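Subject: Structure handover, with notes on rings, pockets and cavities

Hello,

My notes on it follow below.

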Amino acid sequence: MSPKRRSEQPREVPLLVRRDIVVFPNAVAQVMVFRASFQKVIDDAMANDRVIAVVGRRNVRQREFLPSDLYETATLATISRVLRMPDGSASVVLEGFRRVHIDEVTSTEPFYKAMVTPLDEPRSRSLKSEAAMRVVVDLFGEVSRSSQSVGEDDYISALNATNNGTLADLVANALQLSIPQSQEILEELSPTKRLDLVHRMLAREMEVLKLQTKMQAEVQAEIEKTQREHILREHLRVIQQELGEVDPTHKEALDIRTKIEESGMPEDVQKKALEEMERLALIPSMSPESAVLRNYLDWLVALPWGEAEADNLDTVNAAKVLDEHHYGLTKVKERILEYMAVRKLSEGKLHTPILCFVGPPGVGKTSLGKSIAEALGRPFVRMSLGGVRDEAEIRGHRRTYVGSLPGRIIQTMKQAGAVNPVFVLDELDKVGADFRGDPSSALLEVLDPEQNHAFSDHYLEIPYDLSKVLFIATANVLDTVIPALRDRLEIIELPGYTEEEKIKIAQRFLVPKQTHENGLDEHKVDWGSEALRKLVRGYTHEAGVRNLEREIGSVFRKVAKTVTDGKKPPARINTGYLTKALGPERYSWGAAEAEDEVGVATGVATTAVGGDVLAVEVTLMDGKGDLMLTGSLGDVMKESAQAALSYTRARSENLKLPPKVFEKHNIHIHLPSGAVPKDGPSAGVTLVTALVSALGGRAVRKDVAMTGEVTLRGRVLEVGGIKEKVLAVHRAGIKTFILPKKNDKDLLDVPAQVRKSLTFVPVDTVDEVLAVALVPQSPAQP
């Protein structure tokens, strides 16, 4: 409400601005004064009539203020005592006696002064106000008995209040109200309304005190219950000692100590475990921390610290085990046998290598890890990293979290039960990263032989030795593996199985396995080589053998149904039965062209499932020399086509091409299977050959395939995937294969029987390619 002014004249008084308290008339308040400008207010008042105006401000969260931040209603107060402190501050006791209105701030330096006008408060006594005063006094008495912040002196002062306005001010001064609430009461001049405001605040304070009392009682009851249980357990322990019985808690502590001493922990780890055990003995068993400590000790004693399986370093036996489980994979087997040989000669002083098998799905990366464990005589454990995005999955959670556990590295070591297992980290390339951290970075310590002897898990908080573990990581690609992690790995590539290898694997492993799994052990069903070859070529399209095994199982299920129907099963699976069981062939591979053609050259490409031959077609149309490229070509292959065209134009005279053929024709280059993306530079020589053939009218030999990157100077550069490309050429029935001379060394990886069936032409220049690939011109041909 707008305050009413009295007829008294305004006066200028020093102004003490506060943001922590509101001083009420008829009440005593003690304030601490720190600022020098506020102390000058006190000094000025003490030198005169000791009267100041105490005013609150709105911006209580800020240190500095402006005159506009001050409330308009303040309290005139008399300074009754000032006590100077050693730190320069002052303790001031104020007695409020009058509400005033701040008309104008007259000065801010060296301290605040203001013109104030006393405010008139209406006074009236009625039965209603008497009743309201009694209700407030009674309620205030209940609050004073329940609250420690309201003293007995405050209650006595309220009892002696002569009118409702004074009572409201005394009660408001005693309560712990916020600055806005206190200011609201100070600004209310009507005693009746002011007392009503205080009554409502008192009622709310009483409800808060009741709830507080209830909560305290519940906590006290829980504490008393815990103390009572503790005392009873102590009495029970004493009684059990007198009777010669063993305290279960004491027995448990002895068991833990025995396990710690027998676990083979390093000295510093054992010291840490014993310290935690002593802490556990001092904590009541019902305490939540007791369970946390017990779980921690259980993990410590369950981990292998010194238990190691003796390595079987017999390389002859290891080679036999590896050959029994996996066909081919010569490089991988040789690397494992080399490790065993060096370890045997170095008497265990060799750093354990960190291997990484990289290859397409289904080539046996994970199962190879099992075979290595069997060959070495070590336990085998596996941890899948696919989709792991939280660093805590590797390093664990700290024990401050409820339900925290060690990371999966430590959990898997507990599962292994030995310090030297073969540990396969599967799908390393599928590790993700988000706001919870980067698991790949956490793996840097695990997969570094110079660091993993003291691997730090957040849960254990002690170093754990991983240096004796043979880590084998597997991945389909290395592009998504961070460079720092890739640098720690010894990469061994498993490029995929050849057609002959798949047939051998099927004969030696997959057919016997599926025979057993489909219950046909008593019915010997043989597979012909041609049936397996047709199965590999026509019904699977993969680098590994997973789908091949599924298709063999599908055929055997047909045979099993024949047996259960009471019919005689086939003694041998041939190509006819294969078509009957699986339907028509689902896949097709590239084959040699039917005849020598102009503008069509045979190239070779590598895919995720091996190699394949593909034709490069060039046709000419009337035009102005534009080049059109189709067949879902990538940027690198488009640039390769541009380079091939530039070379052909630059060498047109030497190549004996018709004059002005480029100015009069548009050139269209197309690679069939347009829905399949194609990219890479290795089709360069094929593009040049097809262009020269189309522009010069000379046919390309149907029995020749080629690969190699071409430069503008006509040089043929080295390319990759030679083994897969040679196998694709062999499968297509082509007899001659042109390849870069620098790729001659890669032919050592090609099976001997395939090398014998092909004629290889290593080349350095395009001229050498054209001399072999193009059909020779007859004398009559222009």
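First, a term: rings of Phe, Tyr and Trp (its six-membered ring) pair if their centres lie within 6.5 Å; planes under 30 degrees apart count as stacked, over 60 as edge-to-face and the rest as tilted. On that rule, Phe38, Phe65 and Tyr112 are linked by ring pairs into a cluster.

Ground rules. This is a predicted model, where local features need pLDDT of at least 70 and side-chain atom pairs count only at pLDDT 80 or more, while totals for chains, interfaces and linings use all residues. Residues are numbered from 1 along each chain as its sequence is written, and side-chain values use heavy atoms, with hydrogens and water left out.

**Aromatic pairs**

The whole structure was searched, and seven aromatic pairs turned up. One is tilted: the rings of Phe423 and Phe471 have centres 5.2 Å apart and planes at 40 degrees. Helices (H or I, at least four residues) and strands (E, at least two) are DSSP runs, numbered from the N terminus. Phe423 sits in strand β9 (residues 422-426) and Phe471 in strand β12 (residues 470-475), so the pair ties together parts 48 residues apart in sequence. For burial, buried means under 20% relative accessible area, exposed over 50% and partly exposed in between (1.4 Å probe, protein chains only). Phe423 counts as buried, at 0% relative accessibility. Phe471 is buried, with a relative accessible area of 0%.

The rings of Trp527 and Phe556 make an edge-to-face pair, with centres 6.0 Å apart and planes at 75 degrees. This pair links distant parts of the chain, 29 residues apart: Trp527 is in strand β14 (residues 526-527) and Phe556 in helix α19 (residues 546-564). Trp527 and Phe556 are buried.

**Charges over rings**

A charge sits over a ring if NZ of Lys or CZ of Arg is within 6 Å of the ring centre and within 35 degrees of the ring normal. Arg399 lies over the face of Tyr296, at 3.8 Å from the ring centre. Lys414 lies over the face of Trp299, at 4.3 Å from the ring centre.

**Pocket and cavities**

On a 1 Å grid over the protein atoms alone, a cavity is a set of points where a 1.4 Å probe fits but cannot get out; a pocket is an open set with protein on both sides within 12 Å along at least five of seven lines; lining residues have an atom within 4 Å of a point. Points join across faces, edges and corners, and a volume is the space filled by probe spheres set on them.

The largest pocket has a volume of about 1200 Å³. Its lining has 42 residues, with Glu493, Leu494, Pro495, Lys723 and Glu724 nearest the centre. Helix α11 gives the most to that lining, five residues. For lining classes, Ala, Val, Leu, Ile, Met, Phe, Trp, Tyr, Cys and Pro count as nonpolar, Asp, Glu, Lys and Arg as charged, and the others, Gly among them, as polar. The pocket lining has 19 nonpolar, 12 polar and 11 charged residues.

There are four cavities of 30 Å³ or more. The largest cavity has a volume of about 230 Å³. It is lined by 20 residues, with Tyr497, Thr498, Glu499, Val609 and Gly610 nearest its centre. Helix α24 gives the largest share of this lining, five residues.

The second largest cavity has a volume of about 40 Å³. Its lining has four nonpolar, four polar and no charged residues.

Regards
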